[in-house]
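Walk through this model from one end of the chain to the other, then back again. Keep the sequence and the 3D view side by side.

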Amino acid sequence: MPGVERELSTQLEHRGESARFVVATFDPLYQDRLEHLGYLSIGDDRFATRWFRYSSSVPRYYERFAGSIERMVLQSACLVQIPWQDALLEFLRRVDGSGVHWWLYGSAALAVRGIDVEPGDIDISVSDAELLGTIFDDLLVTPVEHLEGWVAERIGRAYHEAIIEWVSEPHAANDDPTEPLEYGSLISSRLQTVQWGGHRIRVPPLSVQLASCENRGLADRANLIRDAMAR
């Protein structure tokens with residue numbers, strides 16, 4: 001990467017019918033950001049994806065992962081620009097006419113309303129994670145995964161200038177009608193539509209995003225939402 005000394009290395013590990021992508025780094029900042037991005041510490045200054053079933057597509061996904069992970073880390077640390085608009089436009093271009101039902105949540109859902117936040121990625125709740133994985137197959141940094149004991153059944157992660165991450169089949173047991181999750185099924189009937197870049201984008205109500213920010217201790221962002229709600 002021009003102007004940045006490479007601080008990590010990657011490896012594709014293959015065990016029987018399973019595989020995982022491993023990142024090694026001695027840099028404490030990189031280690032912190034890798035954990036923040038959901039990569040698991042496996043000792044010896046190494047971090048890894050979860051094990052997933054090996055397929056003929058895995059080497060392609062690994063190539064995309066290896067070529068993207070350092071910029072993903074640097075963006076997570078806010079050390080390089082995060083062109084979230086480019087990532088969102090690419091998402092909108094690819095899903096147009098696909099039949100996938102989706103909405104935008106997280107910081108990008110605030111940014112498309114004109115609220116002064118800098119999204120670190122694009123977070124999407126989708127009706128069909130596997131179909132979206134097919135649509136984004138060339139940009140996947142890991143296969144679409146089925147998770148146990150997480151907030152949703154399936155998750156996908158692609159990279160195009162910034163991380164594009166989606167969830168599907170959120171667990172109803174984690175949701176609360178009095179404080180619905182931004183990505184959960186209880187919010188689907190309350191979604192609002194905003195105009196951004198000539199596109200119509202469905203997003204959660206600001207009141208729901210405010211509650212989410214308060215629960216996560218994001219005081220500055222919560223204040224921005226309150227200001228937007230007061231206008």
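**A tour of the model**

Arg200 touches Thr193, Val194 and Gln195, leaving aside residues up to four places away in sequence. Contact here means heavy atoms within 4.5 Å. Arg200 sits in strand β12 (residues 199-203). Helices (H or I, at least four residues) and strands (E, at least two) are DSSP runs, numbered from the N terminus. Arg200 is exposed, with a relative accessible area of 59%. The cut-offs are these: buried is under 20% relative accessible area, exposed is over 50%, and partly exposed is in between (1.4 Å probe, protein chains only). From C-alpha to C-alpha, Arg200 and Leu92 are 9.7 Å apart in space but 108 residues apart in sequence.

A word on the source. This is a predicted model, in which local features need pLDDT of at least 70 and side-chain atom pairs count only at pLDDT 80 or more, while totals for chains, interfaces and linings use all residues. Residues are numbered from 1 along each chain as its sequence is written, and side-chain values use heavy atoms, with hydrogens and water left out.

Now find the sheet. Five strands form an open sheet with mixed pairing, in the order β6-β7-β10-β9-β8. Two strands pair if DSSP finds at least two bridges between them. The edge strands are β6 (102-105) and β8, and each pairs on one side only. Strands of a sheet pair through backbone hydrogen bonds, either parallel or antiparallel.

Both senses can be traced here. Strand β7 (residues 121-126) runs parallel to β10 over five bridges. Ser125 stands opposite Val167 in β10. Strand β9 (residues 152-160) and strand β10 (residues 162-170) pair in the antiparallel sense over eight bridges. In that pairing, Arg157 stands opposite Glu165 in β10. Next comes strand β8 (residues 145-146), which is antiparallel to β9 and joined to it by two bridges. His146 has Arg154 in β9 as its bridge partner.

Look at the turn from β9 into β10. The hairpin has one residue between the strands, and Glu161 takes a positive phi near 70 degrees there. Most residues other than glycine have a negative phi, and most peptide bonds are trans. Asp45 also has a positive phi, of about 60 degrees, although it is not a glycine. Asp45 lies in the loop between β3 (40-43) and β4 (46-48). Asp45 is partly exposed, at a relative accessible area of 32%. Cys78 is another non-glycine residue with a positive phi of about 60 degrees. Its loop runs between α2 and α3 (84-95). Cys78 is exposed, with a relative accessible area of 63%.

Pro83 lies in the loop between α2 and α3. Pro83 counts as buried, at 12% relative accessibility. Which residues does Pro83 touch, not counting residues up to four places away in sequence? They are Gln75, Glu161 and Ala162. Pro83 and His160 are 77 residues apart in sequence, yet 9.0 Å apart in space, C-alpha to C-alpha.

Turn to the helices. Helix α1 (residues 28-36) and helix α2 (residues 58-76) pack at an angle of about 95 degrees, with their axes 9 Å apart. That makes α1 roughly perpendicular to α2, a label for angles of 65 to 115 degrees, where under 35 is roughly parallel, over 145 roughly antiparallel and the rest oblique. Axes are lines fitted to C-alpha atoms, for helices over the stretch in contact, and angles run from 0 to 180 degrees between N-to-C directions. Tyr30, Arg33, Leu34 and His36 in α1 meet Ile69, Glu70, Val73, Leu74 and Ser76 in α2.

Aromatic rings come next. Rings of Phe, Tyr and Trp (its six-membered ring) pair if their centres lie within 6.5 Å; planes under 30 degrees apart count as stacked, over 60 as edge-to-face and the rest as tilted. By this rule the count is nine aromatic pairs. Phe21 and Phe65 have ring centres 5.2 Å apart and planes at 40 degrees, so the pair is tilted. Phe21 lies in strand β2 (residues 18-24) and Phe65 in helix α2, so the pair ties together parts that are 44 residues apart in sequence. Phe21 and Phe65 are buried. Ring pairs link Phe21, Tyr39, Phe52, Tyr62 and Phe65 into a cluster.

Finish at Thr142, in the loop between α5 (129-135) and β8. Thr142 counts as buried, at 5% relative accessibility. Thr142 touches Phe21, Thr49, Tyr61 and Arg157, not counting residues up to four places away in sequence.
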